[in-house]
Amino acid sequence: MSLRFTQLPKIIALAAIAAFFSSPLSASAETVSLQLKWSHQFQFAGYYAAIEKGFYRDEGLDVILREGLPATKMVDEVISGNADFGIDNTSLLIERDRGKSVVILAAIFQHSPQALIARKVTGIFSPHELNSRKIMMEKAQSTDILAMLNNEGIFVEDANIVPHTWNVQDLIEGKVDAMTGYTTAEPFLLHTKDIPFTIIHPISYGIDYYGDCLFTSEQQLAANPELVARFVRASLKGWEYAMSHQEEIIDLILTSYKPSLSREKLRFEAAEMQKVILPDYVEIGHMNTGRWAKIAETHQKFGLISPTFSLDKFIYKPNYSSNTIYQKLLVPLVTIIGLLLVGLVTFVSFNVRLKHIVKERTATLEENLIQLREKEETIRLIAYHDGLTNLPNRLMFIEQLSKNTKAGRSNDNHFAVVFLDLDDFKRINDAMGHAAGDEFLRIVAYRLQHCLQERGTVYRIGGDEFILLFSDTSDYAHTVEIVELVIAAIRLPWNFQGSDFYLSASIGIAMYPKNGQDPEFLIKAADMAMYEAKRQGKNRYQFFSEAMHSQSIEKLTLESELHQALANSELVLHYQPQVDSDTNVIGVEALIRWRHPTKGLLPPGVFIPIAEETGLIVPIGDWAIRTACQQCMEWQHDGQPPLRVSVNLSVRQLQHADLLEKIRHVLIETQLPPHLLELEITETVAVTHADLVVPLMDSLRALGVRLALDDFGTGYSSLMYLKKFPIDILKIDKSFIQDITTNRDNEAIIQTILALAEIFKIETVAEGVETKEQYHRLKALSCPIMQGYLFSRPIPAEDLQTFLENYQTSLNSSQL
């Protein structure tokens, strides 16, 4: 007889339950509400799927989703009864400790996606650079970040923490040095703006918390245990469907929930969520009581919850509701069950049955323990490996690097930290999508492993960044040989959908112990060397030097001071006269200088690249245009004849949609006639951003403003572009002028440019005229306008009045 007699009473009871409840459940659905953490996004894909695929409906539920805002307090909404269920992270431990009766139902995210994010230009690569830095954080929602900081010896009370605006632009503009964010969200925004950044993830520093968790209140669970069980069951089924049908759910979000989102952003979010939900390795919703106890212990260690905190009633037990219903219905059936038991006991030996039950349950328990150990081992493996390439990740690299440095101090080992970053990888993602980008990253991982073989280990740090740890670098030439092999391997073509694509890599190398013995500094040194390789043209390697460290600190200091320079009126314009072939002054070029309080007068080459990189070039450029126009009008009011003033435009200014309106407003405000304002755009910028530049140039010409193409001859110098661009002036680069009297090739090039300009009815300006011989040769070639030290260096505005009054006399005495 296969049916165990001990099961029979329960079968009868369950049949009674089914008969008792089947009619009400099928009659109408019960309405419940779920409080989301934020507005609609892929983060809540499982709940959308459970609604749209009918999983909630199958459980007799009608679920209403309540969008969240930054100010929404999820726990308060559930405890107050405004919502039946909510979504939050491990900060629920703190809420429970404060007396709020929350119950965790399921852990959707096995790892927290929350991390600290900083721009690379700030020099922040680990928690240790955060001292005295401004951090944007919401403490109540950042317990894993707080634990990481405490674990690394950074006390929250001493940190400069500011309220969270949830606006990544505050990080981009340098208003804060770092901010808490999610690996599923902010990195996408920074990638789209092409801003290098660093992610400091708690998991890399031994803090591994759950992410999004489904929760309810003790009151809800006690009053409606069966409803809670049905809701959890349908929600987890929805998540399983959503993670295996991501494109379908993305379509659903764009159609029914938030059409304003971009498909690329949702795909990025889905890919990142795959790494924290781990649906291929861990059952969705899985919770480990031991892991919760470890998280609670970490909270207690750092004073986030009280020492007496208990997990009792905090973690949901799925059999709670069925046991309760079963017990309630057992009483009226106890008499029948007793009679049945009496009748059945006579046919079965109690001792034999007891042994069989013990054996069966022991086997089940052992099987469950084996499965639990396998899941724990899988999670540990995932924590130390990159999910995309299966390479060891940053956490394993940090551990191995620490071991190597300790071993190096005792046995004089030499090794190298090699930081590799793919050049312009964003082009692949933008042009072909993240799926293609991921495929290429897997190919790169294979090529790197093939190059190193037994000579080192490859780690993927994140994005398009890898670190190679060379085990023995006592032979310098051998190290260089491997690095050159790696660069050549990356340059090999990659075939995708029948076409070959090419990328390169920039590499920075830090040597132990020559460049340092501290693990964090070695990483930073290799990173600095990598950026120096990019600065020198990419597709190359660079060894770290102390000069790079000094330059990095100096650049960071200069950036901080540049933020204040405009407000403190430290920026000034100098003006260099432009003359016609008869040496009459017809205009000036405005050239910016920085009157630094300690370094003196700094030329633009020192600070303009920093302004371009940080975006400060936009307000600085606006100031330069307004100041030059005002000064030009002041000279006229002082009795000088009208002079044309030329001002340079940067590519960042050209990318701002309101540039045209700004210039129109300046002309109205200063009353400068538009034809006296000349805006210069370099030939390289004009050609590489032609689709952006040409419509803007047409609009500026319509205002009456003159346009000049600067540094002509150093870039493309194409007839097509001369015809395409609506320009008034060509400025011949000074590199052609320097040896015009001795180099016939350069003279021929200048003569050709002058002839082309005459054909297209474009004026020309020769820059960098420094000798009388150059002047006479250019005049013989009929060059109409010249500019250079022969006539005047760039001088302050207040000195130009005197210069103009004395100019003709001094010029005659020079006997040009």
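Author: Start with one cut-off: a residue counts as buried when its relative accessible area is under 20%. We will apply it to a predicted model.

Reader: How is the cut-off used on Phe-309: is the residue buried or exposed?

Author: Compare the value with the cut-off. Phe-309 has a relative accessible area of 14%, so Phe-309 is buried. Phe-314 has 0%, and is therefore buried.

Reader: Which elements have the lowest and the highest mean pLDDT?

Author: Helix α1, residues 8-27, is lowest at 42. Strand β10, residues 213-217, is highest at 97.

Reader: Where does pLDDT stay under 50?

Author: One such stretch is residues 1-27. The model gives this stretch 22 contacts beyond four places in sequence. Residues 320-331 are also below 50, with 12 contacts beyond near neighbours in sequence.

Reader: Now the rings. How many aromatic pairs does a search of the whole structure find?

Author: The search finds 23. A pair of aromatic rings is described by two quantities: the distance of the centres and the angle of the planes. Planes over 60 degrees apart count as edge-to-face. Take Phe-309 and Phe-314: their ring centres are 6.4 Å apart and their planes stand at 75°, so the pair is edge-to-face.

Reader: What do the numbers say for Tyr-775 and Phe-791?

Author: This pair is edge-to-face as well, with 6.1 Å centre to centre and 80° between the planes. Tyr-775 sits in helix α31 (residues 772-780). Phe-791 lies in the loop between β26 (785-787) and β27 (795-796). The two are 16 residues apart, and the pair links distant parts of the chain. Tyr-775 counts as buried because its relative accessibility is 4%. Phe-791, at 6%, is buried too.

Reader: Which residues do ring pairs link into a cluster?

Author: Phe-425, Phe-440, Trp-494, Phe-496 and Phe-501 form one.

Reader: Last topic, helix packing. At what angle do the axes of α20 and α21 cross?

Author: Helix α20 is residues 519-535 and helix α21 is residues 546-565. Their axes come within 10 Å and cross at roughly 85°. Angles of 65 to 115 degrees count as roughly perpendicular, so α20 is roughly perpendicular to α21.

Reader: Which residues make the contact?

Author: From α20 come Phe-521, Met-528, Ala-529 and Glu-532. From α21 come Met-548, His-549 and Ser-552. By type, the contact has four nonpolar, two polar and one charged.

Methods:
Residues numbered from 1 in each chain as written. Predicted model: local features only at pLDDT ≥ 70, side-chain atom pairs only at ≥ 80, totals over all residues. Heavy atoms only, no water. pLDDT = per-residue confidence, 0-100. Helix = DSSP H or I, 4+ residues; strand = E, 2+ residues; numbered from the N terminus. Contact = heavy atoms within 4.5 Å. Axes fitted to C-alpha atoms, helices over the stretch in contact; angles between N-to-C directions. Parallel < 35°, antiparallel > 145°, perpendicular 65-115°, else oblique. Nonpolar A, V, L, I, M, F, W, Y, C, P; charged D, E, K, R; others polar. Phe/Tyr/Trp six-rings, centres within 6.5 Å; stacked < 30°, edge-to-face > 60°. Buried < 20%, exposed > 50% of the residue type's maximum accessible area, 1.4 Å probe, protein only.
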